[in-house]
Amino acid sequence: VAVGSGTQCATGQHLSLSGEAVNDCHAEIVARRSLKRFFYAEIERILRDDESSIFERDDADTLVLKRGVDFHLYISTAPCGDSALFGAGIDVKPVSPTTHRLHRENPKTQGLLHTDRKSG
């Protein structure tokens, strides 16, 4: 339901603050925007009582995914930002049978927002 391809963010004079352009064109962002658009269309379907929606109402009248509906994410290359920073060489040590902790050289940078800025 969603595919994304791209590698750059707009900056400087190319940055749109009015919503006329997509500022972040990284593949995962483009795919996320497409997926959100799909979800909104499916919400509109269920609000029109269209049975073909992927959503259904539960006993509390909350929208939930129908049984058997699954989503999968496939990424052919490592994304930018934290995902690229936490590579295979990082030591992951078990804290408990169900919890693991990353051990980095500089733990103060873990989880901080990182961006690629390119003109254009």
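This passage describes the overall make-up of a predicted model of a protein chain and then turns to two of its residues, Glu-42 and Leu-65.

In the predicted model, the protein chain contains 2 helices and 4 strands, and these elements follow one another along the sequence in the pattern α-β-β-α-β-β. Of the 120 residues in the protein chain, 14% are buried, while the accessible surface of the chain amounts to about 9,700 Å², with 52% of this surface belonging to carbon and sulfur atoms. When contacts between residues at least 6 apart in sequence are considered, 33% of them join residues at least 24 apart.

Glu-42 is located in helix H1, which spans residues 27-47. The relative accessible area of Glu-42 is 4%, so this residue is classed as buried, the cut-off for that class being under 20%. A polar atom of the Glu-42 side chain lies 2.8 Å from the backbone nitrogen of Ile-54.

Leu-65 belongs to strand E2, which comprises residues 63-65. Because its relative accessibility is 37%, Leu-65 counts as partly exposed, a class that lies between the limits of 20% and 50%. Leu-65 takes part, with Val-1 and Phe-71, in a nonpolar patch on the surface, and the three residues together have about 270 Å² of accessible area. Glu-42 is thus a buried residue, whereas Leu-65 is a partly exposed one.

How values were computed: Residues numbered from 1 in each chain as written. Predicted model: local features only at pLDDT ≥ 70, side-chain atom pairs only at ≥ 80, totals over all residues. Heavy atoms only, no water. Buried < 20%, exposed > 50% of the residue type's maximum accessible area, 1.4 Å probe, protein only. Polar contact = N/O pair within 3.5 Å; in protein donor to acceptor, adjacent residues only side chain to side chain. Contact = heavy atoms within 4.5 Å. Areas by Shrake-Rupley, 256 points an atom, 1.4 Å probe, with all protein chains shown as cover. Patch = residues over 30% accessible without salt bridge, like charges linked within 9 Å, V, L, I, M, F, W, Y side chains within 5 Å. Salt bridge = Lys/Arg side-chain N within 4 Å of Asp/Glu carboxyl O.
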